[in-house]
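Me: Please take a close look at a single part of this structure, starting from one residue. Then go on to any spaces in the protein.

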Amino acid sequence: MSSEDAFHALLAQNKSFASTTQSKNPDLLTKCAQGQSPSTLWLGCSDSRCPETTLLAAQPGDIFVHRNIANVITPHDLSSQSVIYYAVNYLKVQHVVVAGHTSCGGVAAALGNGVVGGTMDAWLMPVRELRSKLLDEGAFEGKDDKAKAVLLVEANVKRGVEVVRRNAEVLRAMEERGVKVHGVVYDVGTGELRELETGEEEEGLKKRLENFKLG
């Protein structure tokens, strides 16, 4: 199939989606047109194999989304930070999910020392820094490449959770209305999500409120 044919196939599939949705759930799209009130913000990877609405068996309007290469979350990225601000302050989401996945191309690149090119090498630097930390800790010893990649995916998710939990707006929402921040890894080979242990003691939350809450 040519690229032009592939695009027109997508347009045809959209018409099928609209027709089927109107038939099976006639109120859904009308409700979406009136506004959104998603319960969850999903911070994931741009990978085409990880469509959050599909893998969560969710509906349009359920999930507010930000995706980028290798689900890199830093306090300096205006795009992700703007999405977090809007989701927490205006949409009043109750859950923020940082999602990594197996077979991640960005993580695979960060594990190597090759030049990716363009802006990618700068973008992946936080993941490469995590690789360096894992190497220093001896976490990769005796591990094959697949196991190393999984460890780096998990570390990247946990770091993203930490960054989100240090966000002043998220901290305020956690304190005032119990917003939860989660870390998960999606297995592209099984279709299943695995939640990571990212909990903290009450003392940890108090310290973060002390250090990072503004206003």
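Reply: Tyr85 is found in helix H4, residues 78-89 (helices, H or I, are DSSP runs of at least four residues and strands, E, of at least two, numbered from the N terminus). The model is predicted: local features need pLDDT of at least 70, side-chain atom pairs 80 or more, while totals for chains, interfaces and linings use all residues. Residues are numbered from 1 along each chain as its sequence is written, and side-chain values use heavy atoms, without hydrogens or water.

Tyr85 counts as partly exposed because its relative accessibility is 37% (buried is under 20%, exposed over 50%, partly exposed in between, with a 1.4 Å probe and protein chains only).

Now the spaces. The largest pocket holds about 330 Å³ (on a 1 Å grid over the protein atoms alone, a pocket is an open set of points with protein on both sides within 12 Å along at least five of seven lines; a cavity is a set where a 1.4 Å probe fits but cannot get out; lining residues have an atom within 4 Å of a point). Its lining has 18 residues, and Glu154, Ala155, Lys158, Arg159 and Glu162 lie nearest the centre. Helices H7 (125-137), H8 (145-165) and H10 (202-212) each supply at least two lining residues. H8 gives the largest share, eight residues.

The largest cavity has a volume of about 50 Å³. Trp42, Gly44, Cys45, Cys50, Leu55, Ala99, Gly100, His101 and Tyr186 line this cavity. Strands E1 (40-45) and E3 (95-101) each supply at least two residues of that lining.

Notes. Points joined across faces, edges and corners; volume = space filled by probe spheres on them.
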